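The following exercises concern a single protein chain. Please work through each task with the sequence and the model at hand before reading its solution.

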Amino acid sequence: MDKAVKGNWIKRNWLKLYFVFIILILIMLSVGSVLDFISYSTGEKADAVVTEVINKREKRGARGQTSEKVTKVKIRYSIDGTEYSQEIKLQGWYKLRTGDSLKVSCDPENPEKVIIPQRLYQGIKFDILWGLFVGIQLGLVIKFSRKKDKPQNDDHFADTRQA
């Protein structure tokens, strides 16, 4: 295949390639949330008690130039008479208080691996926002590509009295 033909194909189809790439990213991000949801619904349920909640800002980046809101939640729960304690980090601030009770889901083979509903909702909200972002982009591109594809007919402004 000639390089010029190949280059023209990429130029003609760049928008399709872009959306395939964005949709693949959306699918990959959603897979994590789906797996967390399956783990939560199939795992062994336990009642947990919140023992500590810390809302703070954590610095990120190579030089700590940006920060993000983080909630660290320490919980205590028991499975089959064995007491476990975990610290879970959530993005954003959550209104959990010390002494609140939560329904958690644990992996029966590894009870220290725990999923709390707030973490599950966090992933679902992120996926919904990504989906809206992709949908808006797709809608705008379709709208503007239709305008571009319409033939420009400037003859309708011509003076019709010349007949």
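A residue counts as buried under 20% relative accessible area, as exposed over 50%, and as partly exposed in between, with a 1.4 Å probe and protein chains only. By this definition, buried residues make up 25% of the 163 residues in the protein chain. The model is predicted: local features need pLDDT of at least 70 and side-chain atom pairs count only at pLDDT 80 or more, whereas totals for chains, interfaces and linings use all residues. Residues are numbered from 1 along each chain as its sequence is written, and side-chain values use heavy atoms, with hydrogens and water left out.

**Exercise 1. The elements and the sheet**

State the secondary structure of the protein chain and the order of the strands in the sheet.

Solution. Step 1: helices (H or I, at least four residues) and strands (E, at least two) are taken as DSSP runs, numbered from the N terminus. The protein chain has 2 helices and 5 strands, and from the N terminus on these run α-β-β-β-β-β-α.

Step 1: strands pair if DSSP finds at least two bridges between them. The 5 strands form an open sheet with antiparallel pairing, in the order β3-β2-β1-β4-β5. β3 (82–91) and β5 (110–115) stand at the edges with a single partner strand each, so one side of each has no neighbour in the sheet. On average, neighbouring strands of this sheet are turned by 45° against each other, direction ignored.

Step 2: strand β1 (residues 44–60) is joined to strand β2 (residues 66–79) by 12 bridges, and the two run antiparallel. Among the bridge partners in β2, T66 is that of R60 and V70 is that of K56. β1 is also joined to strand β4 (residues 101–107), again antiparallel, by 6 bridges; here V104 in β4 is the bridge partner of A46.

**Exercise 2. The aromatic pairs**

Find the aromatic pairs that the structure holds and classify them.

Solution. Step 1: rings of Phe, Tyr and Trp (its six-membered ring) pair if their centres lie within 6.5 Å; planes under 30 degrees apart count as stacked, over 60 as edge-to-face and the rest as tilted. The structure holds 2 aromatic pairs.

Step 1: Y77 and Y84 form a stacked pair, 5.6 Å centre to centre with 25° between the planes. Y77 is buried because its relative accessibility is 1%, and Y84 is buried with a relative accessible area of 17%.

Step 2: W130 and F133 form an edge-to-face pair, 5.6 Å centre to centre with 85° between the planes. Both lie in helix α2 (residues 117–149), 3 residues apart, about one turn of the helix. F133 has a relative accessible area of 41% and is therefore partly exposed.

Notes: Axes fitted to C-alpha atoms, helices over the stretch in contact; angles between N-to-C directions.
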